[in-house]
Amino acid sequence: MTSLLDAYIVVVEDDPNALLVTMDLLRLNGAEHCYAGKSVDAALAYAEKLPRVDLFLVDINMPGKSGFEMLEAVRANGRLETAKIIAITAGTFAEDVEKARAAGFNGFISKPLKTTIFGSQLQRVLNGEAVWDWR
């Protein structure tokens, strides 16, 4: 089991403010190995250079490639395929959640992030649970 404190986490987020909030929350919850990419391609290129990736936090709706394309690329990559992937998005209609679940995400957390439980949500996913918090 990987602890949030030891996990290698890659955040894929094109919005600079949302990225800043997510990175700050990760650090406030003790995560030390946090990396960011503003696009799917940038995040994948960075992830390839890390010793491992335990968790991807991926915005679904980004210009260029979407979070779903990120999921496909990670699952097709022999080195990264075991990483957990959580969709983090403002699009919180039931059909968005079901589409993410059907695609194979390990969880879905809606924006705005809930600061008091964000760390425990991530730890639960690292422990092998699925977290579907979209309200």
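Reader: What makes the 27 residues a nonpolar core?

Author: A nonpolar core is a set of buried Ala, Val, Leu, Ile, Met, Phe, Trp, Tyr and Cys residues joined through side-chain atoms within 4.5 Å. The largest one here has 27 residues, and Val10, Val12, Val53, Phe56, Met70 and Phe105 touch the most other members. Elements giving two or more residues to this core include strand E1 (8-12), helix H2 (40-49) and strand E3 (55-58); helices (H or I, at least four residues) and strands (E, at least two) are DSSP runs, numbered from the N terminus. Another core, of 21 residues, lies apart from it, with Leu4, Val11, Leu57 and Phe118 among its members. The model is predicted: local features need pLDDT of at least 70, side-chain atom pairs count only at pLDDT 80 or more, and totals for chains, interfaces and linings use all residues. Residues are numbered from 1 along each chain as its sequence is written, and side-chain values use heavy atoms, with hydrogens and water left out.

Reader: Why is Thr22 called buried?

Author: Buried means under 20% relative accessible area, exposed over 50%, partly exposed in between (1.4 Å probe, protein chains only). Thr22 has 4% relative accessibility, so Thr22 counts as buried. Thr22 belongs to helix H1 (residues 16-28). Leaving out residues up to four places away in sequence, Thr22 touches Val11, Leu57, Leu113 and Phe118, where contact means heavy atoms within 4.5 Å.
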